[in-house]
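The sequence and the model are shown first, and the main features follow by topic.

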Amino acid sequence: MEKVKTIFIMIFTTLSAWMGVLAIPVYLLISLNIVDWFTGYVAAPYRGQERQSRIGFKGIAKKVSMLMLVWVGCSVDWLMQYAVSTIGISISFNYVAASLVAVWLIANEIISILENIADMGIDLPPFLMKLAKWVKSEVETKTGGESDKKND
């Protein structure tokens, strides 16, 4: 068991060091992906939906695609750093686009989790959904994006 713990610690230490400031948002996004998938699975019968492996796989594919979006954000960050360094400008930011993508996706996941929980008939604190939607809106506003009013 000690070897398993050591390997686990080595993997997460390496990943965290490599991702730097992006590690916490990525780990949070992954954990919220799991919670959202689970709450969606549990809430399905409350919505009159059947639990089907095809639908479950589709949900997992969406979660993997979210991680790919963060990777696209990383690529944009690396491209911007390369471009400005090529013309002799030094910048000291890391993972700005990727962090914004991650925060926006995290807000979406929180909204989806809250909707799933509400569909199960559980009362939500009135401020929680408003706060999650505000965070998402702030990311969109500050980055010049537009809301598509879709939380999935």
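Helices are runs assigned by DSSP, of at least four residues, and they are numbered from the N terminus. The model described here is predicted. In that numbering, α3 supplies 8 residues to the lining of the largest pocket, the largest share.

**Helix α3**

- Helix α3 covers residues 53-86, and its 34 residues should span 50 Å at 1.5 Å a residue; the end C-alpha atoms lie 49 Å apart, which agrees.
- Its buried residues are Gly 56, Gly 59, Lys 63, Met 66, Val 70, Gly 73, Cys 74 and Asp 77.
- An α-helix has 3.6 residues a turn, so residues three or four places apart point the same way.
- The partners against which the buried residues of α3 pack are α2 (23-43) and α4 (96-119).
- After α3 comes Gly 88, which has a positive phi, near 90°.

**Aromatic pairs**

- The structure contains 6 aromatic pairs.
- One of them joins Trp 37 and Tyr 41: the ring centres are 5.6 Å apart and the planes meet at 15°, so this pair is stacked.
- Trp 37 and Tyr 41 both belong to helix α2, where a spacing of 4 residues separates them by about one helical turn.
- Trp 37 is partly exposed, at 34% relative accessibility, and Tyr 41 is also partly exposed, with a relative accessible area of 38%.
- Another pair is formed by Trp 78 and Tyr 95, whose ring centres are 6.4 Å apart; their planes stand at 65°, so the pair is edge-to-face.
- This second pair links distant parts of the chain, since Trp 78 lies in helix α3 and Tyr 95 in the loop between α3 and α4, 17 residues apart.
- Trp 78 is partly exposed, with a relative accessible area of 33%, whereas Tyr 95 counts as buried at 12% relative accessibility, because buried means under 20%.
- Ring pairs also connect Trp 18, Trp 71, Trp 78 and Tyr 95 into a cluster.

**A charge over a ring**

- Arg 51 is placed over the face of Tyr 41, at 4.4 Å from the ring centre.

**The largest pocket**

- The largest pocket holds about 620 Å³ of space.
- It is lined by 24 residues, and those closest to its centre are Gly 40, Arg 47, Gln 49, Ile 55 and Gly 59.
- Gly 59 is also one of the buried residues of α3.
- Each of α2, α3 and α4 supplies at least two residues of the lining of this pocket.

How values were computed. Residues numbered from 1 in each chain as written. Predicted model: local features only at pLDDT ≥ 70, side-chain atom pairs only at ≥ 80, totals over all residues. Heavy atoms only, no water. Expected span 1.5 Å × (residues − 1). Buried < 20%, exposed > 50% of the residue type's maximum accessible area, 1.4 Å probe, protein only. Contact = heavy atoms within 4.5 Å. Phe/Tyr/Trp six-rings, centres within 6.5 Å; stacked < 30°, edge-to-face > 60°. Lys NZ or Arg CZ within 6 Å of the ring centre and 35° of its normal. 1 Å grid on protein atoms, 1.4 Å probe; cavity = no way out; pocket = protein on both sides within 12 Å on 5 of 7 lines; lining within 4 Å. Points joined across faces, edges and corners; volume = space filled by probe spheres on them.
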